[in-house]
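I opened this notebook to keep track of what I looked up.

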Amino acid sequence: MKPRILVARPIFPEILDLLVSHFDVLSNQPDSVWTPESWKQGLSQCHGALTTGADPINADVLAACPNLRICANMAVGFNNFDVPAMTAARVLATNTPDVLTETTADFGFALLMATARRMAESEHFLRAGRWTQWRYDLFAGAEVHGSTLGILGMGRIGQAIARRGAHGFGMKVIYHNRSRLPQVTEGELRATWVGKEDLFRQADHVVLVLPYSPSVHHTVGASELALMKPSATLVNIARGGIVDEAALIAALRERRISAAGLDVFEGEPQVNPGLLALDNVVLTPHIASATIATRMKMAKLAADNLIEFFSRGQAMTPLNEVSA
Ligand code: DGY
């Protein structure tokens with residue numbers, strides 16, 4: 001008998017075909033919205049699941065799913081997983097690292113550029129038919145090349161952004177991370193470790209790339225924003241909960257910082273109306289890894305994790321250790 005898996009959200013047809021060739025698949029291709037009850041009910045019938053970052057796997061869900069053995073997240077972030085609870089329930093957790101690093105760094109840089117150079121705001125102005133003549137200060141923004149780039153969280157994606165900043169745009173790169181990079185890596189990236197407060201004080205552009213866990217909730221709040229230069233921009237491609245949105249809205253409204261570029265939100269897919277009302281923000285719907293090629297690689301890796309686990313007892317990119 002084939003193991004039964006749940007595909008929680010729509011996925012590429014070729015990946016679905018691959019899964020169907022290995023598993024008995026319960027699939028949510030119509031993209032029906034799960035309620036907490038229907039989610040537990042669907043998952044409780046399955047031995048494995050291909051999840052996205054929006055699908056919670058916690059103690060309550062696990063208690064309803066005694067047959068569940070693996071959840072393969074199609075995301076590098078896994079804050080939707082309670083990994084200790086999964087380990088206790090002997091459920092393997094996997095994610096999709098590496099395959100999205102460069103694509104996500106491209107987007108982080110694009111969002112930084114769009115924010116600093118006021119691209120969204122100026123495009124809305126043009127579309128509204130308000131462009132009547134050239135002016136010296138029309139949507140004049142902040143310099144990107146040669147400026148100071150501050151990166152909070154220096155994992156794979158942070159390093160890929162540092163490389164773009166230092167080598168592509170001649171930026172001075174400073175970073176803050178719990179652990180410092182080896183000297184040789186700092187040299188290659190031309191990146192300097194600084195304390196968190198110094199990062200906010202010195203950077204012209206702050207990019208947030210740290211993984212979310214409750215311990216970093218609201219890492220950027222009123223006091224961090226107060227340290228930033230009035231001309232500085234903040235970009236978040238990590239998780240919404242890292243930023244205190246109410247404090248950010250106040251700082252942007254009062255022009256205590258210049259602008260923000262946000263791909264992630266505290267209550268996504270709901271976006272705080274206070275952000276929607278501001279001109280000096282660029283808002284995108286959690287798409288940093290969204291190229292066809294990269295999303296395909298993420299889906300394939302998540303599918304391979306399921307296939308390898310059920311055929312050989314080992315996954316490609318496990319997050320915990322669970323005896324088979
Ligand atoms: C990730 O991979 O973590 C992205 O944020 C997509 O969810």
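Entry 1, a residue in a loop. I take helices as DSSP runs of H or I with at least four residues and strands as runs of E with at least two, numbered from the N terminus. With that in hand I looked up threonine 52, which sits in the loop between strand E3 (48-51) and helix H3 (59-63). The model I am reading is a predicted one.

Is threonine 52 buried or exposed? I found a relative accessibility of 18% for threonine 52, so I noted this residue as buried, the cut-off for buried being under 20%. I then listed its contacts, leaving out neighbours within four places in sequence: Arg9, Asn73, Met74 and Asn80.

I noted 13 helices and 12 strands in the protein chain. Its radius of gyration is 21 Å, close to the 20 Å from the globule rule for 324 residues, so I wrote the chain down as being as compact as a globular protein of that length. Along the principal axes, the C-alpha trace spans about 70 × 50 × 35 Å. Buried residues account for 50% of the 324. I also looked at contacts between residues at least 6 apart in sequence, and 60% of these join residues at least 24 apart.

I noted 29 positive and 31 negative side chains, with the centres of the two sets 3 Å apart. Side chains of opposite charge can pair when their charged atoms come close. How many salt bridges does the count come to? It comes to 19 salt bridges.

Lysine 40 and glutamate 37 form a salt bridge at 3.6 Å, N to O. Both lie in helix H2 (residues 36-44), three residues apart, about one turn of the helix. Lysine 40 is buried at 13% relative accessibility, whereas glutamate 37 is exposed at 52%.

In helix H6 (residues 119-127) I looked up arginine 127 and glutamate 123, four residues apart. Their salt bridge is 2.9 Å, N to O. Arginine 127 is exposed at 64%, and glutamate 123 is partly exposed at 35%. I also noted one network, in which salt bridges with shared partners join Glu102, Asp106, Arg163 and Arg164.

Aspartate 98 and arginine 156 meet in a salt bridge of 3.5 Å, N to O. Aspartate 98 is in the loop between strand E5 (92-94) and helix H5 (101-116), and arginine 156 is in helix H7 (residues 156-169), so this pair ties together parts 58 residues apart in sequence. Arginine 156 is partly exposed, at 44%.

Technical notes:
Residues are numbered from 1 along each chain as its sequence is written. This is a predicted model: local features need pLDDT of at least 70, side-chain atom pairs count only at pLDDT 80 or more; totals for chains, interfaces and linings use all residues. Side-chain values use heavy atoms; hydrogens and water are left out. The radius of gyration is taken over C-alpha atoms; the globule rule is 2.2 Å times the number of residues to the power 0.38. Buried means under 20% relative accessible area, exposed over 50%, partly exposed in between (1.4 Å probe, protein chains only). Contact means heavy atoms within 4.5 Å. Lys and Arg count as positive and Asp and Glu as negative; His and the chain ends are not counted. The place of a charge is taken as NZ of Lys, CZ of Arg, CG of Asp or CD of Glu. A salt bridge is a side-chain nitrogen of Lys or Arg within 4 Å of a carboxyl oxygen of Asp or Glu.
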